[in-house]
Amino acid sequence: MSGTPGADSMDASTQEPTQGADMRAYHLETPGTVDGIVPRESPRPEPGPRDILVRVRAVSLNKRDLLILNGTYPLKAVPDVIPLSDGAGEVVAVGAEVTRFAVGDRVAGTYFPNWLDGRVTPDRFDQPGATLDGMLTEYACLGQDAAVRVPGHLTWEEAACLPCAGVTAWHSLTGGEPVTPGQTVLTLGTGALSLFVVQFAKTLGAEVIATTSSEAKADRLKALGADHVVDYVQNPEWGRAVRELTGGRGADLVVETNGPDTIEQSVRAAALYGQIVLLITGNGRRSGIEISNAAYAASLATIRRVFVGSRAHFESMNRALELHGTRPVVDRVLGFDEVGEAFRYYESGAAFGKVVIRVS
């Protein structure tokens with residue numbers, strides 16, 4: 001971490017020279033195939049008056065990146081876009097009017113550069129890696145409002161895991177009616193977002209129930225902090241198993257990451273006045289969610305949609321990470337020349353935690 005931020009706290013000579021320098025960046029030239037993501041050299045961007053130039057150190061993959069690649073993401077990617085929303089690095093140059101950061105600061109870009117606080121509105125939907133160039137590049141030029149400082153105890157690879165999955169998990173637990181100590185949180189599977197939920201829910205004082213179909217993953221979930229793990233293959237009516245574990249009361253909050261495939265059981269698992277945070281509403285097999293009358297008629301649970309979060313959510317999460325020394329779960333780190341391999345491995349679904357690409 002640097003000292004007091006601000007353009008006037010440094011000499012201009014400390015900025016990394018950018019004029020005439022080249023960089024490598026990946027571009028989505030041909031949607032629909034990983035081979036369509038190709039590297040190219042181009043001039044390094046020059047920061048505008050209120051911009052920061054970030055030397056990207058690491059980036060990570062999210063499900064939305066596969067959807068963008070396949071053309072099924074709600075936001076249509078601009079042609080030739082630089083992929084990936086999630087990345088972290090160090091500030092190497094700042095514009096003349098920048099006050100939030102100084103050269104040397106460790107930062108991550110935000111998922112919604114224009115959503116700073118409050119409720120999101122349609123004019124704030126732009127996202128890196130989709131409608132804006134993303135972080136799969138050696139250097140990224142960001143507006144000073146579109147970045148946050150990252151916790152000092154995290155590696156570059158860990159810091160690159162935060163903007164999408166981390167913020168979504170934190171917002172799921174702290175938005176709406178925030179989780180309070182002693183409540184029960186149910187999370188589904190072992191995707192990176194679900195692992196963040198396990199970690200954050202424990203730091204908030206909640207009891208955590210997780211689902212998986214793997215005994216090995218069940219052990220890892222318990223090591224991460226889960227109090228109970230339910231095998232959803234052995235217990236296809238796992239909503240009932242959750243109720244048994246909670247003395248018949250059900251989970252106070254369910255972070256629903258699979259939507260059409262699991263929403264019925266999530267409703268049955270939720271407490272009478274529980275919350276269900278719905279993150280996925282459709283997939284390739286089902287175009288929407290369906291809840292039986294028998295399940296929902298017996299419930300007064302609230303279904304709440306969450307779409308990542310604002311810069312304020314990100315900063316709040318970072319304070320919690322620093323306070324508790326929490327580290328994201330990283331499954332695998334690959335090199336900048338292994339982008340195709342990283343996408344294919346992530347797409348396989350084998351990862352327990354984040355798939356990261358080390359840029360430099």
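A nonpolar core is a set of buried Ala, Val, Leu, Ile, Met, Phe, Trp, Tyr and Cys residues joined through side-chain atoms within 4.5 Å. Buried means under 20% relative accessible area, exposed means over 50%, and partly exposed lies in between (1.4 Å probe, protein chains only). The model is predicted; local features need pLDDT of at least 70, side-chain atom pairs count only at pLDDT 80 or more, and totals for chains, interfaces and linings use all residues. Residues are numbered from 1 along each chain as its sequence is written, and side-chain values use heavy atoms, with hydrogens and water left out.

The largest nonpolar core holds 90 residues. Within this core, I52, L136 and F343 touch the most other members. Contact means heavy atoms within 4.5 Å. Residues up to four places away in sequence are not counted for I52. The residues that I52 touches include P47, V91, F101, C141, L142 and Q144. Another core lies apart from the largest one and has 17 residues. Among them are V267, A269, I276 and A295.

Helices (H or I, at least four residues) and strands (E, at least two) are DSSP runs, numbered from the N terminus. Two strands pair if DSSP finds at least two bridges between them. In general, strands of a sheet pair through backbone hydrogen bonds, either parallel or antiparallel. Here, an open sheet of six strands has the order β10-β9-β8-β11-β12-β13, with parallel pairing. Its edge strands are β10 (228-231) and β13 (302-305), and each pairs on one side only. Neighbouring strands of this sheet are turned by 20° against each other on average, direction ignored. Axes are lines fitted to C-alpha atoms, for helices over the stretch in contact, and angles run from 0 to 180 degrees between N-to-C directions.

Strand β11 (residues 251-256) is mostly covered, with six of its six residues buried. Strand β8 (residues 184-188) runs parallel to β11 and is joined to it by three bridges. L186 stands opposite V254 of β11. Five bridges link β11 in parallel to strand β12 (residues 270-278). E256 has L278 in β12 as its bridge partner. The chain passes from β11 through helix α7 (residues 263-269) to β12 in a right-handed β-α-β crossover. A crossover is right-handed if, with the strands pointing away from the viewer, the path from the first strand over the helix to the second runs clockwise.

Helix α4 (residues 192-203) lies across β8, β9 (207-212) and β11, and runs at about 165° to β8. Helix α5 (residues 215-224) lies across β9 and β10, at about 160° to β9.

Strands β14 (residues 330-335) and β15 (residues 354-358) pair in the parallel sense over five bridges. The bridge partner of G335 is R358 in β15.

The cysteines were examined next. A disulfide is a pair of cysteine sulfur atoms within 2.5 Å. The count by this rule is zero disulfides. The sulfur of C164 is 11 Å from the closest cysteine sulfur, in C161, so it is too far for a bond. C164 is buried, with a relative accessible area of 10%. C141 counts as partly exposed, at 32% relative accessibility.

D22 is found in strand β1 (residues 22-28). D22 is partly exposed, with a relative accessible area of 45%. Leaving aside neighbours within four places in sequence, D22 is in contact with E41, S42, P43 and R44. The C-alpha atoms of D22 and L173 are separated by 42 Å, and these residues are 151 apart along the chain.
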